[in-house]
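Student: I am new to this structure. Could you walk me through it?

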Amino acid sequence: MTIALNRPHRHDLAVTTTSATTPEQRRREGATRDLAVRHLQGVSTLLAQRDDLRGVHAFADVVEESVRWSA
């Protein structure tokens with residue numbers, strides 16, 4: 001017996017940039033990406049400098065590991 005689940009695939013959830021976007025929308029998307037990168041780098045730098053903070057917030061540990069493995 002096969003059960004089909006109506007779940008979207010992860011590829012369906014991806015937001016694609018089309019030529020229909022305005023320059024202002026592209027600028028905002030770029031600014032959002034830049035801000036996210038700065039936050040990720042900040043978390044990674046902070047945890048590198050302060051070992052006592054490791055394990056305090058699980059998501060921060062995951063972010064730091066992800067940044068380290070993506071380098």
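**Confidence, helices and a buried pair**

Tutor: Gladly! Among the elements of the chain, helix H1 (residues 10-13) has the lowest mean pLDDT, 51, while H2 has the highest, 86. Here pLDDT is the predictor's confidence in each residue, from 0 to 100. This is a predicted model, where local features need pLDDT of at least 70, side-chain atom pairs count only at pLDDT 80 or more, and totals for chains, interfaces and linings use all residues. Residues are numbered from 1 along each chain as its sequence is written, and side-chain values use heavy atoms, with hydrogens and water left out.

Student: What does the chain average in pLDDT?

Tutor: The average is 76, and 70% of the residues score at least 70. Over residues 1-5, pLDDT stays under 50, and the model has zero contacts there beyond four places in sequence. Contact means heavy atoms within 4.5 Å. Where pLDDT is low, the predicted coordinates should not be read in detail.

Student: How many helices and strands are there in the chain?

Tutor: The chain has three helices and zero strands, in the pattern α-α-α along the sequence. Both kinds are DSSP runs numbered from the N terminus: helices are H or I with at least four residues, strands E with at least two.

Student: Why are H2 and H3 called roughly perpendicular?

Tutor: Helix H2 (residues 23-49) and helix H3 (residues 58-70) pack at an angle of about 100 degrees, with axes 9 Å apart. Axes are lines fitted to C-alpha atoms, for helices over the stretch in contact, and angles run from 0 to 180 degrees between N-to-C directions. Angles under 35 degrees count as roughly parallel, over 145 as roughly antiparallel, 65 to 115 as roughly perpendicular and the rest as oblique. The pair is therefore roughly perpendicular.

Student: Which residues of H2 and H3 make the contact?

Tutor: From H2 come Leu40, Val43, Ser44 and Leu47; from H3 come Ala60, Asp61, Val63, Glu64 and Val67.

Student: What makes serine 44 count as buried?

Tutor: Buried means under 20% relative accessible area, exposed over 50%, and partly exposed in between (1.4 Å probe, protein chains only). Serine 44 has 16%, so it is buried. Leaving aside neighbours within four places in sequence, serine 44 is in contact with Glu64 and Val67.

Student: And how do you know whether glutamate 64 is buried or exposed?

Tutor: Its relative accessible area is 4%, so glutamate 64 is buried. Not counting residues up to four places away in sequence, glutamate 64 touches Ser44, Leu47 and Arg54. The C-alpha atoms of serine 44 and glutamate 64 are separated by 4.7 Å.
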